[in-house]
Amino acid sequence: MCMNDMKIYFAPLEGVTGYIFRNAFSGIYGHVDKYFAPFISPCEKYAMTPRERKDIDPENNIGINLVPQILTCRSDCFIDAAKELHAMGYKEINLNLGCPSGTVCAKGKGAGFLPETSALKAFLDDIYSYAATADIKISVKTRLGFYNPDEFYDLLEIFNSYPLSELIVHPRIRSDYYKGDIRKEYFAYALENSRNPLVYNGNIYSVKDYDALSDSFGTILDPVMLGRGLISDPSLADKLKGFESRVSEDHVT
Ligand SMILES: Cc1cc2nc3c(=O)[nH]c(=O)nc-3n(C[C@H](O)[C@H](O)[C@H](O)COP(=O)(O)O)c2cc1C
């Protein structure tokens with residue numbers, strides 16, 4: 001099923017979807033409603049490195065609806081970075097609670113923050129108090145849990161107590177990395193129980209995959225976030241929306 005008005009988000013892919021890629025992609029393809037930038041990792045001394053700043057500099061992202069992403073487990077670092085991003089003109093910021101990398105998780109960030117539910121609540125209290133006083137929305141991109149997918153029941157209850165602008169769920173746990181079957185039944189639970197707007201992410205490589213997933217959930221998935229599917233078929237957003245690919249023969253070498 002194709003729908004012109006469905007929303008499609010480009011997943012952040014560190015090392016792949018930087019500003020040069022985004023400009024090239026949006027110049028040729030399009031039909032992506034939001035691009036999520038690969039994470040910036042603020043620390044006490046600075047909100048972002050010069051390289052990270054260059055990637056999200058609005059001058060380098062003209063005509064691209066970009067959402068910067070922050071990876072941290074410290075609310076003071078998040079808020080300092082959010083203030084800088086807000087001053088740059090950004091109105092939505094995404095929190096990374098999904099990164100499975102060993103070095104990231106060992107520092108309690110990304111998916112490594114998920115088992116620390118008390119600290120996570122304190123962190124969310126702080127950042128959503130900040131968001132309420134600033135003109136800024138905060139969305140969350142998460143996995144189901146760190147050790148066990150059943151962690152998701154408690155996590156969803158936590159997310160439900162905050163005004164997330166969107167909850168993007170990649171239905172895997174940390175040890176799944178990006179491989180194997182997705183754990184559909186947990187996303188079905190989110191569809192029933194999330195109080196915040198939900199976004200599905202994971203393993204959509206074709207219109208057929210999208211249709212099969214929508215059928216299995218008994219609902220049209222909208223919005224969806226696509227990562228590797230858009231890399232392997234850059235026309236996938238066009239196809240899902242029912243448009244002809246914008247690529248003409250001269251772009252195909
Ligand atoms: C090379 C690579 C880099 C990634 N970088 C990020 C990142 O910076 N932030 C993030 O939230 N997720 C990151 N992800 C996860 C993707 O955004 C996405 O959740 C994952 O690829 C599953 O979606 P897909 O099956 O549509 O690709 C990365 C994944 C890969 C493979």
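Author: His31 lies in the loop between α1 (19-28) and β2 (34-36); helices (H or I, at least four residues) and strands (E, at least two) are DSSP runs, numbered from the N terminus. This is a predicted model: local features need pLDDT of at least 70, side-chain atom pairs count only at pLDDT 80 or more, and totals for chains, interfaces and linings use all residues. Residues are numbered from 1 along each chain as its sequence is written.

Reader: What is the phi of His31?

Author: Most residues other than glycine have a negative phi, and most peptide bonds are trans. His31, however, has a positive phi, near 60 degrees. Asn203, in the loop between β8 (198-201) and α8, likewise has phi near 60 degrees.

Reader: Which peptide bond is cis?

Author: The bond from Asp222 to Pro223 is cis, with omega near 5 degrees. Pro223 belongs to the loop between α8 (207-217) and β9 (224-226).

Reader: What handedness has the unit of β8, α8 and β9?

Author: A crossover is right-handed if, with the strands pointing away from the viewer, the path from the first strand over the helix to the second runs clockwise. β8, α8 and β9 make a right-handed β-α-β unit. β7, helix α7 (residues 184-193) and β8 make a right-handed β-α-β unit as well.
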